[in-house]
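Open the model in your viewer and keep the selection tool at hand. The stops below say what to select next and what is there.

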Amino acid sequence: MKNLKLKAARAGKDLSQQALADRVGVSRQTISAIEKGDYNPTINLCISICKELDVTLNDLFWK
């Protein structure tokens with residue numbers, strides 16, 4: 001399932017996939033795969049992404 005919330009939060013911070021990837025220490029392809037729903041990130045990566053985007057885990061990763 002696509003993660004449109006992540007894409008929207010990233011865009012809201014005016015970050016490219018590459019910029020977010022650099023900040024959390026993964027590849028741009030990883031961020032792309034998460035947004036497409038092709039990759040299930042670890043909880044540590046989820047937390048890192050949320051910290052960078054100033055949102056909660058509930059905001060991005062749970063319904």
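With which side chain does the side chain of Glu35 make a polar contact? Select Glu35 and look for Arg10: the two side chains are in polar contact at 2.6 Å. Keep in mind throughout that this is a predicted model.

**Stop 1**

Beyond the residues up to four places away in sequence, Glu35 touches Lys2, Asn3, Leu6, Lys7, Arg10 and Gln17.

Move to Arg10, in helix α1. Arg10 is buried as well, with a relative accessible area of 9%. Again setting aside residues up to four places away in sequence, the residues that Arg10 touches are Leu15, Ser16, Gln17, Leu20, Ile31, Glu35 and Leu53.

Select Arg10 and Glu35 together. They form a salt bridge, and the closest N and O atoms are 2.6 Å apart. This pair links distant parts of the chain, as Arg10 belongs to helix α1 (residues 4-12) and Glu35 to helix α3 (residues 28-36), 25 residues apart.

**Stop 1: the other salt bridges**

How many salt bridges does a search of the whole structure find? The search finds three, and the Arg10 and Glu35 pair is one of them.

For another, select Lys13 and Asp54. The closest N and O atoms of this salt bridge are 2.8 Å apart. Lys13 is in the loop between α1 and α2 (17-24), while Asp54 is in the loop between α4 (43-53) and α5 (57-61), so the pair ties together parts that are 41 residues apart in sequence. Lys13 counts as partly exposed, at 38% relative accessibility. Asp54 is exposed, with a relative accessible area of 60%.

Next select Arg23 and Glu52, whose side chains meet in a salt bridge at 3.6 Å, N to O. Here the partners are in helices, Arg23 in α2 and Glu52 in α4, so parts that are 29 residues apart in sequence are tied together. Glu52 has a relative accessible area of 27% and is partly exposed.

**Stop 3**

Return to Asp54 and look at its backbone. What is the phi of Asp54 near? The value is near 55°, which is positive in a residue other than glycine. Most residues other than glycine have a negative phi. Asp54 is found in the loop between α4 and α5.

Then select Asp14, in the loop between α1 and α2. Asp14 is not a glycine, yet its phi is positive, about 60°. Is Asp14 buried or exposed? Its relative accessible area is 71%, and it is exposed.

**Stop 2: a nonpolar patch**

Switch to a surface view and colour Ile43, Ile47 and Trp62. These residues make a nonpolar surface patch of about 270 Å². Pick out Ile47, which lies in helix α4. Ile47 counts as partly exposed, at 33% relative accessibility.

**Stop 3: the start of the chain**

Select Met1, in the segment before α1. Met1 counts as exposed, at 75% relative accessibility. Which residues is Met1 in contact with, leaving aside its neighbours within four places in sequence? They are Lys36, Gly37 and Lys63.

**Stop 4: the annotated span**

Finally, select residues 6-60. In UniProt, an unreviewed entry places the feature "domain: HTH cro/C1-type" at these residues.

Methods: Residues numbered from 1 in each chain as written. Predicted model: local features only at pLDDT ≥ 70, side-chain atom pairs only at ≥ 80, totals over all residues. Heavy atoms only, no water. Salt bridge = Lys/Arg side-chain N within 4 Å of Asp/Glu carboxyl O. Helix = DSSP H or I, 4+ residues; strand = E, 2+ residues; numbered from the N terminus. Buried < 20%, exposed > 50% of the residue type's maximum accessible area, 1.4 Å probe, protein only. UniProt positions renumbered as here; feature names shortened; annotations may be inferred. Polar contact = N/O pair within 3.5 Å; in protein donor to acceptor, adjacent residues only side chain to side chain. Contact = heavy atoms within 4.5 Å. Patch = residues over 30% accessible without salt bridge, like charges linked within 9 Å, V, L, I, M, F, W, Y side chains within 5 Å. Areas by Shrake-Rupley, 256 points an atom, 1.4 Å probe, with all protein chains shown as cover.
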